[in-house]
Every structure is written in C-alpha cells, then in structure tokens.
Amino acid sequence: MTTLATPHLHSTGTGHRVALARSGHAPEIARRITARWLAARGVSPCSAPDVLLVVSELVTNNLRHTSGTCTLTLTAHATRISITVTDTSTRLPRMRSDPAANEDGGRGLALLYGMGVRLTVTPTPWGKAVEATVDVGGEAPHGLAE
C-alpha cells in the first residue's frame with residue numbers, strides 16, 4: 001500500500017497550483033485535481049479530455065525525465081486553459097525525430113502537437129516551465145484570467 005502526502009494546493013480565482021509528490025500516482029492525482037478544477041470553472045465536458053490528456057503527458061514526462069520537484073499550475077483564460085508544469089531540471093524536452101521507432105515512449109510531444117496544443121518551454125533560475133495551451137471552445141470558463 002502506498003501512502004501519499006496531501007499535495008500542497010494554492011488556488012486563485014483563475015488559477016490553481018499544486019506541488020505533486022514524486023510518485024507513479026502523480027499523473028492520476030494531477031488528472032483528478034484538474035477534472036475537479038475544470039468542472040468548477042464550467043469547462044465543457046467535451047473539452048475536458050483534451051486538457052486531462054495534456055496534464056497527464058506533461059506530468060508523466062516530468063516523472064520520466066527529471067528528478068526534482070514537480071508543480072502543476074492551471075490557468076483559465078477567455079477560451080483556453082494553460083497547463084504549466086515546472087521542475088528543477090535544466091534539460092529541455094525534445095520531440096524525437098522518429099517517435100514510432102521507440103516502443104517505450106517518445107510519442108507524447110508529437111501527440112500534443114498533432115492535437116494543436118501550443119507548447120512553450122521557458123528556462124527558469126531553478127529549472128524550467130513547460131506550458132501547454134488548450135483551446136476549450138467559444139464558451140469562457142468561469143473566473144477568467146483575461
């Protein structure tokens with residue numbers, strides 16, 4: 001049986017930040033937190049699966065490729081959701097040239113690009129921030145950042 005500490009949460013009217021424990025359960029926990037946050041924002045259930053997939057991919061990449069802390073930040077904008085995962089690694093993510101050739105991963109970034117997700121990687125003094133922006137259609141989430 002695995003016991004996880006309760007994630008540290010920080011919420012504002014438009015955003016939500018959570019420090020995730022380094023665990024194989026972190027992507028699932030991040031999806032649950034995101035699903036509740038999206039529902040509270042009134043995001044259409046049709047848009048939620050895309051956002052949850054992005055959250056899962058970014059948190060999973062963090063666990064696979066870094067060893068430091070992982071923080072998930074969700075922000076509601078007029079017609080989009082920003083998902084930011086920060087970590088303590090300076091190693092920048094890269095899309096593999098032939099993701100189909102590797103059976104053990106390597107397709108996540110290509111999948112996100114194929115979905116039309118906008119990705120931005122920003123080096124920080126402590127590591128980096130990977131931000132993905134997902135359009136959620138014409139309906140604006142409650143509690144907007146813009």
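Guide: What follows is a conversation in which each word is set against its definition.

Guide: This is a predicted model, in which local features need pLDDT of at least 70 and side-chain atom pairs count only at pLDDT 80 or more, while totals for chains, interfaces and linings use all residues. Residues are numbered from 1 along each chain as its sequence is written, and side-chain values use heavy atoms, with hydrogens and water left out.

Visitor: What is the mean pLDDT of the protein?

Guide: The mean pLDDT, where pLDDT is the predictor's confidence in each residue on a scale from 0 to 100, is 80, and 77% of the residues reach 70 or more. Over residues 1-13, however, the pLDDT is below 50, although this stretch has 20 contacts beyond near neighbours in sequence, a contact being heavy atoms within 4.5 Å. Where pLDDT is low, the predicted coordinates should not be read in detail.

Visitor: Which helices and strands does the protein have, and in what pattern?

Guide: The protein has 3 helices and 6 strands, and along the sequence they follow the pattern β-β-α-α-β-β-α-β-β. Helices (H or I, at least four residues) and strands (E, at least two) are DSSP runs, numbered from the N terminus.

Visitor: Why are α1 and α2 called roughly antiparallel?

Guide: Two packed helices are described by the angle between their axes and the distance between the axes. Helix α1, residues 26-41, and helix α2, residues 48-65, pack at about 150°, with their axes 9 Å apart. Axes are lines fitted to C-alpha atoms, for helices over the stretch in contact, and angles run from 0 to 180 degrees between N-to-C directions. Angles under 35 degrees count as roughly parallel, over 145 as roughly antiparallel, 65 to 115 as roughly perpendicular and the rest as oblique, so α1 and α2 are roughly antiparallel to each other.

Visitor: Which residues of α1 and α2 meet?

Guide: Among them are A30, T34 and L38 in α1, and V51, V55 and V59 in α2.

Visitor: What makes C70 buried or exposed?

Guide: Buried means under 20% relative accessible area, exposed over 50%, and partly exposed in between (1.4 Å probe, protein chains only). C70 has 3% relative accessibility and therefore counts as buried, whereas C46, at 69%, is exposed. Across the protein, buried residues make up 42% of the 146 residues.

Visitor: How many disulfides are there?

Guide: A disulfide is a pair of cysteine sulfur atoms within 2.5 Å, and by this rule the count comes to 0.

Visitor: How do you know whether L109 and L111 are buried or partly exposed?

Guide: L109 lies in helix α3, and because its relative accessibility is 13%, L109 counts as buried. L111 also lies in α3, which spans residues 108-114, but at 41% L111 counts as partly exposed. The C-alpha atoms of L111 and V54 are 9.4 Å apart, although these residues are 57 apart in sequence.

Visitor: Why is T133 called buried, and which residues is T133 in contact with?

Guide: T133 lies in strand β6, residues 127-135, and its relative accessible area is 10%, so T133 is buried. Leaving aside neighbours within four places in sequence, T133 is in contact with R80, I81, S82, V117 and R118.

Visitor: What about T79?

Guide: T79 lies in the loop between β3 and β4, and because its relative accessibility is 32%, T79 counts as partly exposed.
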